Amino acid sequence: MGLIFISLISVTSAISGTATYYTVYEPSACYGYQDQGTMIAAASDAIYANGAACGQMYKISCTGATNQGVPQPCKGGNVTVKIVDRCPSPGCQATIDLSQEAFSAIADLNAGKIQIEYNK
């Protein structure tokens, strides 16, 4: 019974948002030119919190489309990414800007922007 309860807590603690993707990974606001791999992301100002998010790991799941171009972009599953950069306002178009590799693990790249759920 305890296992079911723990599962429900993690599902309910997920936060809704949107994700886009980018292809130029360096330099990053958190690590400069240090390579942090490909499962990485830039956080919007709300998550970035003046650098407090640097190095934090987030589990991201695609939940649906944001436009008419790709009505069902989600591939299923999830991806865990490390926050390595800031997606600054006003240019930031999403809650989390994923690396192209991370985005393509959970959604069709042609979608460009997706609805997500995320948590630490």
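Okay, hi everyone. Some ground rules before we start. Residues are numbered from 1 along each chain as its sequence is written, and side-chain values use heavy atoms, with hydrogens and water left out. Since the model is predicted, local features need pLDDT of at least 70 and side-chain atom pairs count only at pLDDT 80 or more, while totals for chains, interfaces and linings use all residues.

Let's begin with the record. UniProt, in an unreviewed entry, lists residues 16–120 as "domain: Expansin-like EG45". Its positions are given in the numbering used here, feature names are shortened, and annotations may be inferred rather than shown by experiment. In the model, that span is 10% helix and 39% strand, and its end C-alpha atoms lie 13 Å apart. When I say helix or strand, I mean DSSP runs numbered from the N terminus: H or I with at least four residues for helices, E with at least two for strands.

Now, the barrel. How many strands make up the closed barrel? Six, running in the order 1-5-2-4-3-6, with mixed pairing. From one strand to the next, the twist averages 45°. For that angle, axes are lines fitted to C-alpha atoms (for helices, over the stretch in contact), and angles run from 0 to 180 degrees between N-to-C directions. Two strands pair if DSSP finds at least two bridges between them. Take strand 3, residues 57–65, and strand 6, residues 114–119: they run antiparallel and are joined by six bridges.

On to the disulfides. Searching the whole structure turns up three of them, where a disulfide is a pair of cysteine sulfur atoms within 2.5 Å. Number the bonded cysteines in sequence order and the pairing reads 1-2, 3-4, 5-6.

I'll also talk about burial here: buried means under 20% relative accessible area, exposed means over 50%, and partly exposed is in between (1.4 Å probe, protein chains only).

Pair one is Cys30 with Cys54, sulfur atoms 2.0 Å apart. This pair links distant parts of the chain, 24 residues apart: Cys30 sits in the loop between strand 1 (15–22) and strand 2 (40–44), and Cys54 in the loop between helix 2 (45–48) and strand 3. Why is this disulfide called left-handed? Because the torsion about the S-S bond of Cys30 and Cys54 is about -75°. Cys30 is partly exposed at 21%, and Cys54 is partly exposed at 25%.

Next up, Cys62 and Cys74, with sulfur atoms 2.0 Å apart. This link is left-handed, with -65° about the S-S bond. Cys62 lies in strand 3 and Cys74 in the loop between strand 3 and strand 4 (78–87), so the pair ties together parts that are 12 residues apart in sequence. Buried or partly exposed, which is Cys62? Cys62 counts as buried, at 13%, whereas Cys74 counts as partly exposed, at 31%.

Then there's Cys87 with Cys92, sulfur atoms 2.1 Å apart. Here the S-S bond has 115° about it, and the link is right-handed. Cys87 is buried at 7%, and Cys92 is buried at 17%.

A pair of rings is described by the distance of the centres and the angle of the planes. Rings of Phe, Tyr and Trp (its six-membered ring) pair if their centres lie within 6.5 Å; planes under 30 degrees apart count as stacked, over 60 as edge-to-face and the rest as tilted. The structure holds three aromatic pairs.

One of them is Tyr21 with Phe103: the centres are 5.0 Å apart and the planes are at 45°, so the pair is tilted. Tyr21 lies in strand 1 and Phe103 in helix 3 (residues 100–106), so this pair ties together parts 82 residues apart in sequence. Tyr21 is partly exposed at 29%, but Phe103 is buried at 0%. Tyr22 and Tyr25 also form a pair, this one edge-to-face, at 5.4 Å centre to centre with 80° between the planes.

Last stop: Thr20, found in strand 1 and buried at 11%.
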